[in-house]
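Student: I would like to learn how to read helix packing and sheet order from a model. Can we work through one case?

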Amino acid sequence: MSNNIHMGHRARKRFGQNFLHDMNVIDRIVGAISPDNNHTLVEIGPGLGALTQPVAEQVERLNVVELDRDLAERLRHQPRWGTRLVIHEGDALKFDFSSLAEEGKKMKVFGNLPYNISTPLMFHLFETVDNMASMHFMLQKEVVERLCAGPGHKNYGRLTVMAQYYCKTMPVLEVPPGCFTPPPKVDSAVVRLVPHEVKPYPADDIRQLEKLVASAFAMRRKTLRNNLKGQLNDEEFAELGIDPTLRPENISVPEFVAMANHISRRKG
């Protein structure tokens, strides 16, 4: 990869920028994304183009969403592959990803996400997940563990339940700090999220599910009975076959959906 792209850009703390430079890791991530012209490709936070360049070289067009104006400007002027980029300057947390959907094509979304926005960005992306074939993200390893955890795991929480409601989640590879400039203080990993074409446990009302899951995990160390006081009573837990003395991290995704649907139906 040409070095000139790195010149003169200092990583900015406020954007949480750590730039990937390990070619072996880059090749493996691009292989996992598997870029092609039958999908709409979207990169979030291209930074200095470590993933942007190899993906752009394989497709006719790549959409990128970049908040940092200097970086967006620099990407525009890449002689060989910059012409293939459609640059959207702005905040990914507010960006309408469904606006990029093309007739007959699903999206492949990817990015090396700054830690501070990864959780709210996931929740934002889940809202347009019907248009997506896959998402591949580099995240803090702990966030990848959270996305992929099963019930009973210490990292199982609100993000896990909502991610697994929408998607099949799989870790792809671990990426040590030395693969980045500057090296972050934490380990990173890449996760693959594949939206369910048909949700295995559909919620009647997604807002009700979100509210219930948020309440359930409000106090991790408390029981479901405590956290869901006023939402479900003991007779209802019994009817659903769910033990109210369990902590939220021991409850499976289908059980959360069953509780939310029970509340929705009761409200009628």
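Tutor: Start with the crossing of H7 and H10, which is right-handed in this predicted model. The axes of H7 (residues 206–216) and H10 (residues 253–267) come within 9 Å and cross at roughly 120 degrees.

Student: Which word describes H7 relative to H10?

Tutor: Oblique, because roughly perpendicular covers 65 to 115 degrees and roughly antiparallel needs an angle over 145. At roughly 120 degrees, H7 is therefore oblique to H10.

Student: Which residues make the contact of H7 with H10?

Tutor: From H7 come Gln208, Leu209, Leu212, Val213 and Ala216, and from H10 come Phe256, Val257, Met259, Ala260, Ile263, Ser264 and Lys267. Sorted by class, the contact of H7 with H10 has 9 nonpolar, 2 polar and 1 charged residues.

Student: How do H6 and H7 cross?

Tutor: Their axes come within 9 Å and cross at roughly 155 degrees. An angle over 145 counts as roughly antiparallel, so that is how H6 and H7 run relative to each other. The crossing of H6 and H7 is right-handed.

Student: Which residues of H6 and H7 meet?

Tutor: On the H6 side they are Arg158, Val161, Met162, Tyr165 and Tyr166; on the H7 side, Ile206, Leu209, Glu210, Val213 and Ala214. The contact of H6 with H7 divides into 8 nonpolar, no polar and 2 charged residues.

Student: Now the sheet. What is the order of its strands?

Tutor: Strands of a sheet pair through backbone hydrogen bonds, either parallel or antiparallel. Here the open sheet has 7 strands in the order S4-S3-S2-S5-S6-S9-S7, and the pairing is mixed. The edge strands, S4 (85–89) and S7 (167–175), each pair on one side only. From one strand to the next, the twist averages 20 degrees.

Student: In what sense does S3 pair with S4?

Tutor: S3 (residues 62–66) and S4 pair in the parallel sense over 5 bridges. Leu62 has Leu85 in S4 as its bridge partner. Between S3 and S4 the chain passes through H3 (residues 69–76), in a β-α-β crossover that is right-handed.

Student: And in what sense do S7 and S9 pair?

Tutor: S7 and S9 (residues 188–195) are antiparallel, with 8 bridges. Cys167 has Pro195 in S9 as its bridge partner.

Student: Which helices lie across S7 and S9?

Tutor: H6 (residues 158–166) lies across S7 and S9, running at about 115 degrees to S7. H5 (residues 141–148) lies across S6 (132–140), S7 and S9, at about 140 degrees to S6.

Technical notes:
Residues are numbered from 1 along each chain as its sequence is written. This is a predicted model: local features need pLDDT of at least 70, side-chain atom pairs count only at pLDDT 80 or more; totals for chains, interfaces and linings use all residues. Side-chain values use heavy atoms; hydrogens and water are left out. Two strands pair if DSSP finds at least two bridges between them. Helices (H or I, at least four residues) and strands (E, at least two) are DSSP runs, numbered from the N terminus. Axes are lines fitted to C-alpha atoms, for helices over the stretch in contact, and angles run from 0 to 180 degrees between N-to-C directions. Contact means heavy atoms within 4.5 Å. A crossover is right-handed if, with the strands pointing away from the viewer, the path from the first strand over the helix to the second runs clockwise. Angles under 35 degrees count as roughly parallel, over 145 as roughly antiparallel, 65 to 115 as roughly perpendicular and the rest as oblique. A crossing is left-handed if the near helix is turned anticlockwise from the far one by less than a right angle, and right-handed if clockwise. Ala, Val, Leu, Ile, Met, Phe, Trp, Tyr, Cys and Pro count as nonpolar, Asp, Glu, Lys and Arg as charged, and the others, Gly among them, as polar.
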